[in-house]
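Please load the model in your viewer and keep the selection tool at hand. The tour below moves from one selection to the next and says what is to be found at each stop.

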Amino acid sequence: MSEQSPAAAFREQTTGSDVELAYAGHNTFLKGDPRSVDDLDDVDAAVLGAPYDGAVSNRPGARYGPEAIRRASAWWAYLSGYKGGLTNMDSGEQVDFSQFAVADCGDVPIFPMDRETTAESITAHVATAAEQAFPVLLGGDHYCTYPSVRGFAEGIDADSIGFVQIDAHTDTVSESAIFGEHFHGSPTHHIADSEYAEYENVSHVGIRGYESPAFFEFADESGLNLFTMADVRERGIRSVVTDAIDAAADGVDAVYVTFDIDGVDPAVAPGTGTPVPGGLSAREALTVMDILGARDSVGAVDLMEVAPTYDPTEGTQRLAAYLLVRFLEQKFASA
């Protein structure tokens, strides 16, 4: 047997050498183990990135979202590891992120000039992850959610999927004269038009700004569960999100949650391609994820449209990471 290496001897003798600083080491979500998507048998949550923004209609840059969200998430892993757990000062609960296993499967293969092949790649990789663990997708523009939902449904062999979308926009465009049928304004239409879902089990939270003419009539006729920012202001975020998840979960096998960061007010999260004033506060957004993460019916989550180059403070990706951290806390680390 060989003698102990100098590096091993240093780590053994030096207090704190086993603590990895937030900005050091591998750039994985919550400092999770780098894993192949085919090797997730002992994993609770599997994180994948989709660095694709070839389907945007406004400002590009969401291709850099997965890397930025991963880096921001390291702060909570570092704190938890350094302190041996944490106290959630909102709930008073004790949290230790080492209590559940997160694997980071890296980014799915992306084909920047080929949307169709990119979509097939996302579907295949999310399906493989969903067969073994709870899938978490980091976007990427919001079109990526459509192939991700398909992959999730295939991976868990579901007949029906509910869908909760936190967003400024409804993404229900069936066809655009400029962008065609497949762009980041169309994923909800394609999801509701698929064999896995219909509008009666689609819930929108935080919608604001402007939509197509006669959109309220469309929502009534299609059965879409629409909760605008006006509803949030009138009823409060807890009531709205509870109704949204109840409607989405009614009679389905599982619910997929998608959070477009532009659902948050751009004064708080400016790093996104299509910002709309008047959105959710950071506190409201965290409450959304606390509620959704605690629901057993939710089987997958994504966080989309973070475009970090538009936010030099790095606050947008920090909030995005925190939203997922709080969601996963509720899903896996709550008493």
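Begin with the aromatic side chains, among which the structure holds 11 aromatic pairs, where rings of Phe, Tyr and Trp (its six-membered ring) pair if their centres lie within 6.5 Å, and planes under 30 degrees apart count as stacked, over 60 as edge-to-face and the rest as tilted. Select Trp76 and Tyr322, whose ring centres are 4.8 Å apart and whose planes meet at 10°, so this pair is stacked. Trp76 belongs to helix α2 and Tyr322 to helix α10 (residues 315–333), so the pair ties together parts that are 246 residues apart in sequence; helices (H or I, at least four residues) and strands (E, at least two) are DSSP runs, numbered from the N terminus.

This is a predicted model, in which local features need pLDDT of at least 70 and side-chain atom pairs count only at pLDDT 80 or more, while totals for chains, interfaces and linings use all residues. Residues are numbered from 1 along each chain as its sequence is written, and side-chain values use heavy atoms, with hydrogens and water left out.

Next, select Phe97, Phe100, Phe134, Phe327 and Phe332, which ring pairs link into a cluster. Then turn to Arg59, which lies over the face of Tyr310 at 3.9 Å from the ring centre; a charge sits over a ring if NZ of Lys or CZ of Arg is within 6 Å of the ring centre and within 35 degrees of the ring normal.

Now go back to helix α2 and select residues 65–83, a run of 19 residues that reaches 28 Å from its first C-alpha to its last, close to the 27 Å expected at 1.5 Å a residue, the expected span being 1.5 Å times one less than the number of residues.

Which residues lie nearest the centre of the largest pocket? They are Leu30, Lys31, Ala77, Phe97 and Ser98, out of 22 residues that line this pocket. On a 1 Å grid over the protein atoms alone, a pocket is an open set of points where a 1.4 Å probe fits, with protein on both sides within 12 Å along at least five of seven lines, and lining residues have an atom within 4 Å of a point. The largest share of the lining, five residues, comes from α2.

The last stops are in the backbone. Select Gly139 and Gly140, which are joined by a cis peptide bond with omega of about 10°, and note that Gly140 is found in the loop between β6 (134–139) and α4 (145–155). Most residues other than glycine have a negative phi, and most peptide bonds are trans. Asp171, in the loop between β7 (161–166) and α5 (187–192), has a positive phi near 55° and is buried, with a relative accessible area of 8%. Glu314, in the loop between β11 (298–304) and α10, also has a positive phi, of about 65°, but is partly exposed, with a relative accessible area of 46%.

Methods
Buried means under 20% relative accessible area, exposed over 50%, partly exposed in between (1.4 Å probe, protein chains only).
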